[in-house]
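Opening the notebook on this one.

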Amino acid sequence: MPLPPAPTKPADKLSPSAFSNSGPQGKPASAKRPAAAREIEAKAPARIARLEQQAAPLTGAQVIPITAAKPVGTYPQARAPQPELRQSSAESAKPLRDAKTRAAPRNEKKARHSGPAKLFVLDTNVLLHDPMCLFRFEEHDIFLPMIVLEELDGHKKGMTEVARNARQTSRTLDALAGTPGAEITSGFKLNSTGQREAKGKLMFQTLALDYSLPGSLPQGKADNQILGVVAALRTQYAPREVVLVSKDINMRVKARALGLATDDYQNDKTLEDGDLLYSGAMALPPDFWATHGQKIESWQQGQHTFYKIDGPTVPQMLINQFVYFESPGEPSLYARVTEIRGNTAVLKTLRDFNHLKNAVWGVTTRNREQNFAMNLLTDPDVDFVTLTGTAGTGKTLMALAAGLTQVLDDRRYTEIIVTRATVSVGEDIGFLPGTEEEKMGPWMGALDDNLEVLGKTDTSAGEWGRAATSELIRSRIKIKSMNFMRGRTFLNKYVIIDEAQNLTPKQMKTLITRAGPGTKIVCMGNLAQIDTPYLTEGSSGLTFAVDRFKGWPHGGHITLARGERSRLADFASDVL
């Protein structure tokens with residue numbers, strides 16, 4: 001049989017009649033078909049037209065005739081927004097709905113909320129606490145009463161952090177007002193200055209609002225005026241939800257007493273519950289060897305043994321997290337996660353600082369968590385270490401011992417720099433005389449106590465030897481105040497930040513970013529002893545640092561669980 005003739009022009013240029021009349025040898029294609037097939041083809045245009053009429057009310061969009069449809073490649077790339085299909089019981093609409101579902105782009109984001117956007121009324125203390133809080137409410141709108149602007153103006157003078165936040169908030173409001181097309185009566189778009197996460201509007205009180213408060217509340221007080229604005233807005237924007245956001249507990253109590261919706265500003269809290277803080281160590285399950293022992297690989301490198309494991313526990317691990325296995329009758333395992341790739345992790349065994357031969361400046365660890373901490377403090381590849389624990393767990397002693405060994409013996413760092421937050425427990429004793437180091441002296445009692453302990457570790461030296469050692473130690477330790485840290489760079493220094501729980505996240509960032517090449521920073525603190533006003537366990541700078549640095553290959557954290565100071569201190573920590 002001879003082959004059909006080759007096509008002489010592109011298929012998309014042919015008319016529909018050319019396809020129906022182009023059979024072999026130029027004969028009509030319908031000539032060789034049976035009569036039943038020709039009858040079906042004759043009825044096809046009528047069926048297509050009937051389908052188009054059924055699909056038109058379902059889609060609500062313009063229907064392109066099937067016979068005149070263009071090839072896929074001729075459509076433009078950009079897809080016009082398509083209206084959603086209406087609910088119908090017709091079976092003919094089901095294929096259209098399925099096609100629309102398949103045509104939807106994969107990366108299309110879901111709606112951020114199902115209900116209407118809320119209206120949040122901000123108290124002045126929220127703006128003074130976080131000047132960027134205007135952009136933290138996602139798709140919801142923000143309302144600022146006029147009295148809030150008055151209070152912002154009253155707090156802008158001075159060099160305190162509150163004054164800086166007030167000035168920053170004023171600059172932010174000015175930037176929003178200066179965007180093209182901004183109209184104060186309709187509200188400023190919060191994403192007009194580049195903050196893409198903020199989808200709502202910022203509205204101001206431009207007119208006097210009619211409200212009535214109980215006579216027991218003084219009308220001239222700023223807090224009561226804000227409460228009145230919230231009550232008026234709830235009536236004006238009903239049924240929209242109007243919520244007062246304030247850091248003032250008494251303000252929120254009064255709002256609830258008046259039946260107004262209120263909430264605390266939660267964005268500054270790293271964790272809702274202090275018990276959820278990353279501990280830095282994880283106990284392996286009792287069936288660890290049974291579930292992971294089949295695929296385990298091990299090898300020796302120097303003094304350490306490496307284990308390559310693959311199993312259900314690996315997804316829960318983080319880099320530089322300590323894992324341990326303790327079970328009666330079975331060998332114990334104490335290791336640190338050094339590498340994670342997919343569902344495979346590499347564990348590295350630890351150096352045992354419990355043994356006297358591995359003592360650091362004459363100090364040996366007394367429990368499992370202290371051994372974990374000493375491995376972090378003596379590892380040159382770990383640049384940032386955070387230690388938390390109750391009083392007497394040995395945080396300062398271990399940090400100083402590891403620092404002295406690496407400064408005087410290993411010559412890894414040039415000197416030790418010690419600083420701390422100068423927040424007093426009771427009343428302030430006033431100005432302190434002397435130089436910067438002399439002024440910091442009363443705050444460094446813990447440092448002196450630990451240096452006294454470390455100075456007595458060498459029992460072979462006589463009195464003159466201990467005095468010379470003490471003089472050498474103090475020559476390599478510099479006590480600095482946090483007030484003068486801005487702009488500094490520490491090169492090859494061993495930095496100890498004591499009482500870090502009293503630092504704000506901003507202060508913690510200022511101190512950590514001082515680190516230059518070859519510098520190691522150790523942050524220590526007890527989250528149960530926060531003396532700074534307005535700081536909690538969830539908003540402390542130490543919590544902020546622990547949460548942000550977990551899993552970083554050059555950072556590590558451990559929570560010290562057991563106190564080793566004395567039996568009296570341990571009992572007091574538990575019962576008081």
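Predicted model: local features only at pLDDT ≥ 70, side-chain atom pairs only at ≥ 80, totals over all residues.

I checked the handedness of the H15 and H16 crossing: it is right-handed.

Next I looked up the geometry. H15 covers residues 505–512 and H16 covers residues 541–549; their axes lie 8 Å apart, at an angle of about 60°. That angle makes H15 oblique to H16, because only 65 to 115 degrees would count as roughly perpendicular.

Which residues of H15 and H16 meet? From H15 I listed Pro505, Met508 and Ile512, and across from them in H16 I found Gly541, Leu542, Phe544, Ala545 and Phe549. Sorted by class, this contact has 7 nonpolar residues, 1 polar and no charged ones.

Then I went to the cores. The largest nonpolar core holds 41 residues, and Leu122, Leu134, Leu144 and Leu202 have the most contacts inside it. Helix H7 (residues 222–236) supplies the largest share of this core, 7 residues. Another core lies apart from it, with 39 residues, including Tyr324, Leu350, Leu376 and Met524.

Leaving out residues up to four places away in sequence, Leu144 touches Leu122, Leu127, Leu149, Leu173, Leu202, Met203, Phe204 and Gln205.

Last, I jotted down totals for the protein. I count 17 helices and 18 strands. Of its 576 residues, 37% are buried. As for contacts between residues at least 6 apart in sequence, 66% of them join residues at least 24 apart.

Key: Residues numbered from 1 in each chain as written. Heavy atoms only, no water. Axes fitted to C-alpha atoms, helices over the stretch in contact; angles between N-to-C directions. Helix = DSSP H or I, 4+ residues; strand = E, 2+ residues; numbered from the N terminus. Parallel < 35°, antiparallel > 145°, perpendicular 65-115°, else oblique. Left-handed = near helix turned anticlockwise from the far one by under 90°. Contact = heavy atoms within 4.5 Å. Nonpolar A, V, L, I, M, F, W, Y, C, P; charged D, E, K, R; others polar. Core = buried A, V, L, I, M, F, W, Y, C linked by side-chain atoms within 4.5 Å. Buried < 20%, exposed > 50% of the residue type's maximum accessible area, 1.4 Å probe, protein only.
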